[in-house]
There are 2 protein chains.
Amino acid sequence: MQNLKNCQGLAPVFLIRSQSSRISKSIIPSLSVWDGHLSSRWRSTGGHGRQKYFSDRVPKFRFALAGLLAGTGAVLAYRHHQGKVEWAASSAQLPVTQTSALPVYTLEDVTKHCSLDSGVWVTYKGEVYDITEFVAMHPGGDKILLAAGGALEPYWALYAVHEQDHVLEILSEYKIGVLNPEGLKKQESANTSDPYSAEPTRHPALQINSLKPFNAEPPASILSDNYITPSVIFFKRNHLPVPRVDPETYRLEIEGLPGGVASLTLSELKSCFPKHTITATLQCAGNRRSEMNTVKQVKGLNWGIAAISNATWSGARLRDVLLHYGFGPEVAAKAQHVQFEGLDRDVTGTAYGASIPLNKAVSEEGDVLLAYEMNGEDLPPDHGYPVRVVVPGIVGARNVKWLGKIVVSEEESKSHWQQNDYKGFSPGTDWDTVDFKSAPAIQELPIQSAITHPAEGTSVDSSDREVTVKGYAWSGGGREVVRVDVSIDGGTTWHVAELRTGDKGQHPAPSPPPGKAWAWKLWEIDIPIPHRARELEIVCKAVDSSYNMQPDTVAPIWNLRGVLSNAWHRVKVKVNEDLKGEK
Amino acid sequence: MQNLKNCQGLAPVFLIRSQSSRISKSIIPSLSVWDGHLSSRWRSTGGHGRQKYFSDRVPKFRFALAGLLAGTGAVLAYRHHQGKVEWAASSAQLPVTQTSALPVYTLEDVTKHCSLDSGVWVTYKGEVYDITEFVAMHPGGDKILLAAGGALEPYWALYAVHEQDHVLEILSEYKIGVLNPEGLKKQESANTSDPYSAEPTRHPALQINSLKPFNAEPPASILSDNYITPSVIFFKRNHLPVPRVDPETYRLEIEGLPGGVASLTLSELKSCFPKHTITATLQCAGNRRSEMNTVKQVKGLNWGIAAISNATWSGARLRDVLLHYGFGPEVAAKAQHVQFEGLDRDVTGTAYGASIPLNKAVSEEGDVLLAYEMNGEDLPPDHGYPVRVVVPGIVGARNVKWLGKIVVSEEESKSHWQQNDYKGFSPGTDWDTVDFKSAPAIQELPIQSAITHPAEGTSVDSSDREVTVKGYAWSGGGREVVRVDVSIDGGTTWHVAELRTGDKGQHPAPSPPPGKAWAWKLWEIDIPIPHRARELEIVCKAVDSSYNMQPDTVAPIWNLRGVLSNAWHRVKVKVNEDLKGEK
């Protein structure tokens with residue numbers, strides 16, 4: 001085994017490419033990585049309750065999503081609420097925060113109240129609140145229902161706007177009791193009986209597609225609230241159980257370069273190679289698979305539209321590491337691929353594996369990282385702690401987590417996932433006729449976009465005159481999204497949405513160089529509601545810098561694995577009649 | 001002005017990348033560039049007739065398109081014909097080549113006979129033939145009708161199969177007379193009264209979209225007959241009159257690099273930089289614009305599906321030239337674009353201009369050439385003699401012809417064509433609302449494919465059981481075409497076509513490295529004709545290595561300039577009843 005030598009002497013050889021770092025610093029949210037922290041505490045204590053965790057940490061959260069409060073409607077709603085509170089307090093001659101002699105509830109009592117029909121109860125610091133009446137006044141809309149029947153803390157942690165005295169004041173108005181000690185304990189010890197008990201604690205907002213291995217996506221309604229997705233709600237796509245990796249004994253092996261097998265410790269990786277930061281969107285090949293299932297059943301997790309997220313990633317450049325270990329023209333003359341092997345293994349001991357083309361791995365433009373940080377913190381366990389590959393512009397499946405080995409090779413990875421899984425086929429190909437050798441392994445992904453607001457089946461009021469439509473758009477291969485077209489009449493007429501490369505009120509990131517647009521764009525548009533419309537069929541389609549467009553419909557791109565689902569995204573909403581206008 | 005120094009000493013510094021050259025040598029057709037030759041002779045004589053030109057040169061044509069004769073049907077047709085000829089000869093007791101006492105015709109007589117209804121007459125070496133009866137027996141099918149009413153030579157020159165004694169023997173059977181001297185002279189002097197008389201002579205098969213400037217495409221029916229498009233029928237897209245450039249006084253100026261303005265002669269360009277060869281497809285941004293016109297009128301030439309062609313290009317790498325003249329990190333730190341200026345100018349003296357991103361121009365992977373050869377010969381005048389830029393994977397408009405100047409710059413070209421022309425917009429954008437600054441200049445083009453056979457409105461026989469569908473597919477940015485799906489039921493069910501990277505019977509080109517698939521693929525498939533089908537709606541759609549797909553329909557990608565028209569291509573054909581089956 002060859003160890004890294006002359007580490008100090010090496011440093012000046014490498015150039016730190018600071019452009020991306022500059023971008024990322026301005027958009028890293030101050031609260032972004034908790035599940036790494038969470039799970040490391042969890043491991044050290046042998047079990048760590050959510051309730052206690054959130055109680056400890058909520059005051060430290062510093063967010064910047066003040067935009068939620070910026071709309072006139074929200075301000076009016078709060079004013080209305082405040083009037084109500086003051087009236088109630090003066091008429092009852094009681095302080096509004098009075099808490100004495102309140103009933104004690106079980107956790108079951110709370111979880112039963114999880115909808116507007118049953119009433120909406122939530123807990124906060126061990127106390128129970130019935131917020132049913134407040135839901136309609138909530139400036140963030142019905143997102144508040146995500147917390148219905150459970151704890152408020154994890155949701156408030158996502159939106160800094162709640163960290164204000166008057167929010168607690170409002171909440172106190174709805175207090176109806178306290179959680180009994182058993183309920184509190186249960187909330188804290190959730191998950192400990194699970195056979196996957198070594199897995200990290202996850203954010204309760206995640207919509208779980210599979211528990212073992214863990215696969216989950218955030219609700220679409222909150223996905224586009226942050227330009228940089230907080231790590232806790234960044235979609236999770238695990239193929240195998242999450243391995244526990246001791247950073248002290250961790251070694252990254254590198255094969256296929258002159259001099260035999262090399263081995264690198266975590267601290268060597270961090271200290272001997274320049275730290276490079278990029279903002280990059282990862283997307284699962286199966287994002288939006290559920291739409292393909294509506295055409296004809298496919299094999300795979302039934303992902304909605306949120307198996308895609310955006311983060312900043314920091315680490316050593318793969319190019320620098322390979323060059324250090326002797327990569328050069330004589331290797332390039334033979335090798336064509338760089339294989340990655342994870343430390344996650346199945347019961348037979350087979351590790352997760354994937355590979356990427358050599359030129360992506362070694363080119364200056366490729367920006368491939370051996371990342372040890374996500375959103376400015378250590379990688380969370382679900383995202384590959386301590387080291388993962390981040391291959392910007394390339395399908396999530398090649399961004400191997402818990403990276404154990406790199407092999408420079410003449411061949412692609414022989415893994416199931418490279419050879420017989422993540423590939424696209426014609427709609428006419430079925431499981432009887434498929435020849436996996438006939439299609440290339442998915443690398444760059446095609447142009448994609450989806451609508452995150454409004455949600456399918458919801459309503460808008462015609463009195464609002466306009467409907468606000470929001471979503472995300474991204475393309476693989478570093479191709480920048482240059483335009484998003486939105487229609488509310490099913491694709492007959494089109495409007496051009498406004499694109500964002502940062503959170504509202506923040507400076508947008510500077511335009512990336514051609515071919516290096518690794519991060520998504522968020523988009524938004526207000527479209528006038530046509531007179532007498534009773535239903536809107538909202539459609540979006542994006543265009544990338546190569547002027548690639550999304551296909552119109554799902555059926556002609558249907559494929560047996562349900563990957564590459566990037567047809568126009570369509571959402572139908574009802575238009576409520578303009579009752580005010582008729583008065 | 002700085003001139004190239006130490007030319008001999010420089011040579012060993014550059015590596016010749018021979019992979020592409022190896023490919024190209026095997027597929028360069030032996031007859032590929034005539035219009036260069038044609039026009040140079042034309043210039044020297046002050047006018048050179050087509051008829052004389054073809055008479056002189058036909059015997060020298062050496063083609064390899066023997067595949068046209070390979071089918072059993074073709075062989076049978078010829079046998080049938082031969083039997084008929086022998087019978088006629090024996091019964092008439094006359095030699096089949098007898099030519100005495102034949103009438104004299106005018107050119108007008110010939111041109112009137114240009115269809116099966118009027119009779120099909122052609123001329124060959126000043127003699128007139130009525131080939132009406134032969135059309136049905138022609139092994140190349142009704143392509144023979146392209147020559148109807150005119151000279152055969154230019155068409156025979158495209159297909160080497162005609163260069164056989166028995167073909168002339170067959171033709172002689174149909175001789176009906178000779179052209180009168182005026183007709184011959186007229187054929188020879190066509191074009192001399194044209195105000196664009198300095199323009200090169202063009203192949204008569206070209207379908208002209210505009211004469212001044214000259215813009216033309218080959219008939220779709222012959223486009224996919226050659227993997228390497230013969231230069232004479234390679235689509236022509238000129239923005240301005242073709243400049244006459246004297247190779248002796250030609251100078252290429254290079255600005256924006258340390259040391260001021262450099263100047264390079266043609267012989268320096270050829271001798272001081274390694275010659276590099278690539279096979280690359282060029283496509284006009286307006287290819288298939290005519291389909292957008294069926295949705296709503298757009299501005300631009302009404303291109304069919306053949307404003308795309310494939311050729312081999314040889315020249316110096318732009319990267320090598322820029323590095324030689326001092327390009328380095330300090331230039332890269334400021335500059336972002338490489339501008340090109342043509343020697344073609346409008347009446348105000350404004351030259352054609354365009355630019356490409358700097359990283360495409362200088363990267364090893366970019367393969368940008370300062371090309372002086374096309375298909376193994378000097379560039380033809382219509383394609384930029386003596387030097388053009390070939391930017392593989394990038395829209396034709398940036399492949400500046402008759403290259404006069406290169407400027408490394410912080411800015412894009414200020415030319416009309418870069419700033420206010422070749423850009424894509426939303427279908428909702430019209431000439432009243434368009435803001436050209438809001439869209440990026442087209443560089444890489446999106447995935448494209450089209451059906452070259454059968455043609456719209458033609459018929460197939462149900463007795464044939466199968467319909468053969470052929471076409472081309474290509475994507476920009478070096479993205480390889482990985483699959484073409486074909487449907488004959490309007491897109492309900494799909495079949496996977498066979499792809500080719502060479503002519504039939506030739507070794508296919510080796511797979512290009514990822515991101516360097518500059519050349520198109522030809523495709524073909526035989527699909528069973530459904531029982532009782534009366535019409536087929538044939539559709540094709542291609543997929544590239546980033547799994548980008550073509551959009552389903554034209555209207556949602558309609559744009560005011562009619563560029564980027566890459567929806568599924570659709571062709572309707574009738575199915576003739578199975579009369580044989582009913583006997």
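Predicted model: local features only at pLDDT ≥ 70, side-chain atom pairs only at ≥ 80, totals over all residues.
Chain A has 583 residues, of which 58% count as buried, and its secondary structure comprises 17 helices and 29 strands. Chain A and chain B bury about 2900 Å² between them, with 37 residues taken from chain B and 37 residues from chain A. The count of salt bridges between the two chains is 0.

**Fold of chain A**

- The secondary structure of chain A is divided into 17 helices and 29 strands.
- Among contacts in chain A with a sequence separation of 6 or more, 75% are between residues 24 or more positions apart.
- Burial in chain A extends to 58% of its 583 residues.

**Interface between chain A and chain B**

- Of the roughly 2900 Å² buried between chain B and chain A, that is, about 2900 Å², 53% lies on carbon and sulfur atoms.
- Across this interface, 19 residue pairs are in polar contact, with both residues at pLDDT 80 or more.
- On the side of chain B that touches chain A, strand β24 (residues 481–487) of chain B gives the most, with 3 residues.
- That side of chain B contains 20 nonpolar, 9 polar and 8 charged residues.
- Although charged residues are present on that side of chain B, the salt-bridge count between chain B and chain A is 0.

**Backbone features: cis peptide bonds**

- In chain A, the peptide bond from A:His453 to A:Pro454 is cis, and its omega is near 0 degrees.
- A:Pro454 is placed in the loop between β21 (448–453) and β22 (459–461) of chain A.
- In chain B, the bond from B:His453 to B:Pro454 is likewise cis, with omega near 0 degrees.
- B:Pro454 lies in the loop that runs between β21 (448–453) and β22 (459–461) of chain B.

- A:Asn375, a residue other than glycine, has a positive phi near 50 degrees.
- The loop between β17 (369–374) and β18 (377–378) of chain A holds A:Asn375.
- A:Asn375 has a relative accessible area of 1% and is therefore buried, the limit being under 20%.
- B:Asn375 is not a glycine either, yet its phi is positive, at about 50 degrees.
- In chain B, the loop between β17 (369–374) and β18 (377–378) is the place of B:Asn375.
- B:Asn375 counts as buried because its relative accessibility is 1%.

- A:Thr281 is located in strand β13 (residues 276–283) of chain A.
- With a relative accessibility of 0%, A:Thr281 counts as buried.
- A polar atom of the A:Thr281 side chain lies 2.7 Å from the backbone nitrogen of A:Trp520.
- Leaving aside residues up to four places away in sequence, A:Thr281 touches A:Ile308, A:Ser309, A:Asn310, A:Trp474, A:Trp518, A:Ala519 and A:Trp520.

- A:Asp246 is found in the loop between β10 (236–237) and β11 (251–255) of chain A.
- A:Asp246 counts as partly exposed because its relative accessibility is 40%, which falls between the limits of 20% and 50%.
- The side chain of A:Asp246 reaches the backbone nitrogen of A:Glu248 at 2.8 Å.
- From C-alpha to C-alpha, A:Asp246 and A:Ile488 are 52 Å apart in space, and 242 residues separate them in sequence.

**Strand pairing in chain B**

- Three strands of chain B form an open sheet in the order β8-β9-β10, with antiparallel pairing.
- The edge strands of this sheet are β8 (207–210) and β10 (236–237) of chain B, each of which pairs on one side only.
- Strand β8(B) is joined by 3 bridges to strand β9 (residues 215–217) of chain B, and the two run antiparallel.
- Within that pairing, B:Ser210 has B:Asn215 in β9(B) as its bridge partner.
- Elsewhere in chain B, 5 bridges join β21(B) to strand β23 (residues 466–474), again in antiparallel orientation.
- B:Ala450 stands opposite B:Tyr472 in β23(B).
- Strand β21(B) is mostly covered, as 5 of its 6 residues are buried.

Definitions and conventions: Residues numbered from 1 in each chain as written. Chains lettered and ligands numbered in written order. Heavy atoms only, no water. Contact = heavy atoms within 4.5 Å. Buried area = accessible area lost by both parts, 1.4 Å probe. Salt bridge = Lys/Arg side-chain N within 4 Å of Asp/Glu carboxyl O. Polar contact = N/O pair within 3.5 Å; in protein donor to acceptor, adjacent residues only side chain to side chain. Helix = DSSP H or I, 4+ residues; strand = E, 2+ residues; numbered from the N terminus. Nonpolar A, V, L, I, M, F, W, Y, C, P; charged D, E, K, R; others polar. Buried < 20%, exposed > 50% of the residue type's maximum accessible area, 1.4 Å probe, protein only. Pairing = 2+ DSSP bridges.
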